[in-house]
Amino acid sequence: MKKFVDVILPLPLPKSFTYSLPEEYAEEVKVGCRVVVPFGRKKYYTAIVCNVHYYAPTEYEVKDISTLLDASPILLPMQFKFWEWLANYYLCAQGDVYKAALPSGLKLESETIVECNPDFEAVVPLSEREQRVLDLLSAESEQCVTKLEKDSGFKNILTIIKSLLDKEAIFVKEELRRTYKPKTEARVRLVGTADERRLHILFDLLGRAPKQLALLMKYVECSGVLGGGTPKEVSKKELLQRADVSTAVLNGLIEKQIFEVYYHEIGRLDREVKLVTELSRLNEFQQRAHDSVVESFKEKNVCLLHGVTSSGKTEIYIHLIEETLRQGKQVLYLLPEIALTTQITERLQRVFGSRLGIYHSKFPDAERVEIWQKQLGEEGYDIILGVRSSIFLPYRNLGLIIVDEEHENTYKQQDPAPRYHARNAAIVLAAMYGAKTLLGTATPSIETWSNATSGKYGLVSLNERYKEIQLPEIIPVDIKELHRKKRMVGQFSPLLIQYIKEALDQKQQVILFQNRRGFAPMVECRTCGWVPKCKNCDVSLTYHKGINQLTCHYCGYTYQLPRSCPACEGTDIVNRGFGTEKIEDDIKVLFPQAAVARMDLDTTRTRSAYEKIIADFEEGKTDILIGTQMVSKGLDFDHVSIVGILNADTMLNYPDFRSYERAFQLMAQVSGRAGRKNKRGRVVLQTKSIDHPIIRQVIANDYQEMVGGQLAERQMFHYPPYYRLVYVYLKNRNERLLEQMAFAMAEKLRAVFGSRVLGPDKPPVARVQTLFIKKIVVKIEQNASMSRARELLLGIQREMLEDERFKSLIVYYDMDPM
Ligand code: ADP
Ligand code: ZN
Ligand code: ZN
């Protein structure tokens with residue numbers, strides 16, 4: 001009997017599609033395997049089999065799959081269940097989830113660009129077709145798969161591409177390159193024997209080449225070659241760095257046949273770590289908190305650990321992880337930000353060594369594919385540390401998920417779909433495995449707080465800092481007044497300058513927080529008021545001094561800063577506002593002797609970049625660290641005595657119902673970076689709204705009062721946690737048409753959801769990447785049936801898209817928006 005498969009395509013389609021199986025695959029194909037299928041006009045996609053059966057579809061003509069890519073499934077059954085939940089809850093297609101979930105190395109598509117491997121040697125002979133594709137590719141050096149398909153005239157090109165990849169004849173550009181090449185490290189060793197006598201001869205010999213001699217000495221030191229026993233292996237890079245000489249010096253020694261270079265293959269995933277034999281002992285408060293969490297898990301699936309900054313929550317997590325591993329179960333440790341992984345990785349690795357796997361988007365795709373595959377087997381990591389996308393990894397036996405800094409809004413994916421919240425999704429994922437979820441933070445999100453106080457989640461509080469150092473003293477500074485009296489030095493109050501100076505004198509460190517990157521958020525002509533705007537988006541361009549360019553933070557558009565105003569030809573063009581780059585500039589002028597570093601999106605584009613910023617600060621090579629919200633999150637430094645919040649007002653004035661909550665969290669968190677180890681730290685909080693209730697609450701560190709106030713407002717104005725929110729986004733190039741569409745949509749929504757539908761309105765940024773945007777807000781009662789609401793929402797979306805007039809409309813929902 002003919003067999004069929006249902007597949008999920010990496011496309012926003014409302015359902016799966018059915019294909020027939022050619023005889024050759026009939027036995028091999030299993031649910032969770034990837035297949036290449038034709039879809040639409042002459043396109044091939046890697047799809048995932050979600051069902052194998054005997055029923056031919058009736059509504060369309062069924063096609064054969066082109067090829068099977070996997071001998072065994074790359075998805076576990078639980079993952080399908082999870083995908084289904086995500087697509088359903090967040091009102092998107094399973095294809096959207098598929099695209100977000102798999103590392104790109106597992107999602108070969110027709111648009112993928114491949115290139116030749118210049119070092120390719122055919123160990124296994126190539127087939128005629130493979131050779132032909134390779135020849136075509138060689139002529140161009142790199143090419144898109146679709147183009148190769150056209151040029152070759154071969155139908156199942158992805159099969160051939162896959163096999164060429166397996167044989168290492170080609171690479172997927174950038175992404176997959178490293179999967180197919182072992183990673184090696186160049187190392188240096190002496191040629192021949194290395195006893196004392198020979199070394200003396202060498203020292204004499206090099207008497208007139210001081211640099212070469214220095215290098216040799218350094219090698220002797222690093223390798224411990226004179227200590228007896230086997231000498232340690234010495235990395236070339238490290239040796240050159242430590243001897244502070246150039247490659248030319250080493251090459252000289254290689255020519256003299258004193259040294260040779262060899263390559264050592266190093267595992268990409270296993271880094272060397274020193275293990276500690278014992279866990280740190282929890283103090284009395286931590287122990288009590290730990291026990292309460294364990295107790296709470298007996299009754300509830302989710303527990304909130306509300307522990308002040310530096311109370312040692314991470315240490316409690318480590319104990320809980322250890323206990324979970326002892327039960328033979330896996331742990332997922334979620335972090336909101338890549339910049340945080342470095343420090344936590346180190347702390348976890350010291351205890352758990354190679355049982356820990358790390359997963360995030362700044363890792364080369366090859367590593368992510370490797371981790372994915374490892375997770376499928378019995379040999380998977382016991383602990384995965386990662387950012388939000390690590391909820392998509394395969395887990396065999398999950399026992400605990402830790403969501404660290406659970407209040408962070410970076411847990412919510414904005415674009416593209418699925419617009420999921422990793423904390424909430426993690427809770428659902430854990431429940432599917434019968435696992436527990438621990439939410440940890442010093443400043444819980446209001447939603448979580450309300451779930452914990454209503455009894456839905458367990459609640460454990462930890463109010464003492466480890467070593468019982470007091471929380472920092474927060475000193476408000478009224479900069480409105482100081483500006484008026486002309487007492488400000490740029491963006492710095494005299495008090496902040498004095499404290500920074502004192503800290504530097506005492507060899508302490510300083511963190512300065514400014515929640516805007518770039519130099520100036522806006523540039524303006526003083527003569528006529530002209531402001532350079534993005535040509536694609538409805539925002540003013542930010543000036544970046546380092547690259548001397550104006551850029552758009554929404555679409556990346558860049559524009560040369562003009563010498564004269566294009567509107568009036570005046571030359572009096574000034575900066576308005578200030579970002580981290582400007583703070584850095586000014587600080588360097590004020591404290592020329594201090595070592596200054598900046599941590600924001602612009603300085604942390606690569607993994608090594610942010611690792612270096614953090615390491616330098618840890619090691620005391622940096623005195624002052626300036627940054628955006630990146631510096632506010634869970635970082636743990638020992639010697640920070642002063643934190644400066646340069647301007648609290650941009651946070652307070654942001655037009656969103658969560659802005660006060662967020663302002664409080666940000667300020668409390670960044671303050672928490674001060675005085676963690678030795679003595680009480682101080683925070684200078686500069687603001688123009690000195691009497692603002694949030695400022696008062698931050699100073700008093702009164703989380704409960706903040707929550708109380710916010711909850712009252714949320715209830716009054718029908719916001720979460722009292723109501724569920726759905727934002728409806730509509731986009732179109734044509735503003736007038738968009739307006740029509742938005743009104744039509746709002747009318748349909750009102751017909752079903754009544755007066756709890758607000759809008760359409762213009763969002764704060766009403767045009768992005770040439771598309772105009774309208775937003776409609778739908779508020780749904782907490783006790784309303786969500787499955788019914790979902791059905792209605794999807795029905796309305798479908799009606800809109802099927803309307804002849806609205807062919808060009810983009811419309812989507814954002815469930816539980818942040
Ligand atoms: P939190 O996550 O609550 O901000 P951390 O876990 O980072 O706090 O702890 C703050 C600092 O105190 C860290 O440097 C940590 O190593 C140290 N610390 C906390 N608890 C212990 C403990 N029980 N034993 C040793 N050091 C601890
Ligand atoms: Zn002008
Ligand atoms: Zn733009």
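# Cysteine sites, cores and a ligand shell

User: Why does Cys525 count as buried?

Analyst: Cys525 has 21 C-beta neighbours inside 10 Å, and a residue is buried if 20 or more other C-beta atoms lie within 10 Å of its own, exposed if 12 or fewer and partly exposed in between, with C-beta atoms placed from the backbone; Cys525 therefore counts as buried. The model is a predicted one, in which local features need pLDDT of at least 70 and side-chain atom pairs count only at pLDDT 80 or more, whereas totals for chains, interfaces and linings use all residues. Residues are numbered from 1 along each chain as its sequence is written, while chains are lettered from A and ligands numbered from 1 in the order in which they are written.

User: What makes Cys568 partly exposed, and which residues does Cys568 touch?

Analyst: Cys568 has 13 C-beta neighbours inside 10 Å, so it counts as partly exposed. Cys568 sits in the loop between β25 (558-560) and β26 (573-576), where strands are DSSP runs of E with at least two residues, and helices are runs of H or I with at least four, numbered from the N terminus. Not counting residues up to four places away in sequence, Cys568 touches Cys525, Thr527, Cys528 and Trp530, a contact being a pair of C-beta atoms within 7 Å. Cys525, found in strand β22 (residues 522-525), has contacts that include Cys565 and Cys568, again leaving aside neighbours within four places in sequence.

User: How do you know that Cys525, Cys528, Cys565 and Cys568 gather at one spot?

Analyst: An unreviewed UniProt entry lists Cys525, Cys528, Cys565 and Cys568 under "binding site". They span 44 residues in sequence, yet no two of their C-alpha atoms are more than 8.6 Å apart, so they gather at one spot. The UniProt annotations may be inferred rather than shown by experiment.

User: Which other cysteines does the entry list under "binding site", and why is Cys537 called buried?

Analyst: The unreviewed UniProt entry also lists Cys534, Cys537, Cys552 and Cys555 as "binding site". These are spread over 22 residues of sequence but cluster in space, with a largest C-alpha distance of 8.6 Å. Cys537, in the loop between β22 and β23 (542-544), has 22 other C-beta atoms within 10 Å and is therefore buried, whereas Cys555 has 15 and is therefore partly exposed. Among the residues that Cys537 touches are Cys552, Cys555 and Arg767.

User: What makes Gly227 exposed?

Analyst: Gly227, in the loop between α7 (210-223) and β11 (234-235), has 10 C-beta neighbours inside 10 Å and so counts as exposed.

User: Which residues touch the most other members of the largest nonpolar core?

Analyst: Val35 and Ile401 do, in a core of 194 residues, and its largest share, seven residues, comes from helix α21 (residues 659-671). A nonpolar core is a set of buried Ala, Val, Leu, Ile, Met, Phe, Trp, Tyr and Cys residues joined through C-beta atoms within 7 Å. Helix α21 is mostly covered, with 12 of its 13 residues buried.

User: What surrounds ligand 1?

Analyst: Ligand 1 has 16 residues around it, the closest being Ser280, Gly312, Lys313, Thr314 and Tyr466, where a residue is near if its C-beta atom, placed from the backbone, lies within 6 Å. Helix α11 (residues 313-326) gives the largest share of this shell, three residues.

Definitions and conventions: Contact = placed C-beta atoms within 7 Å.
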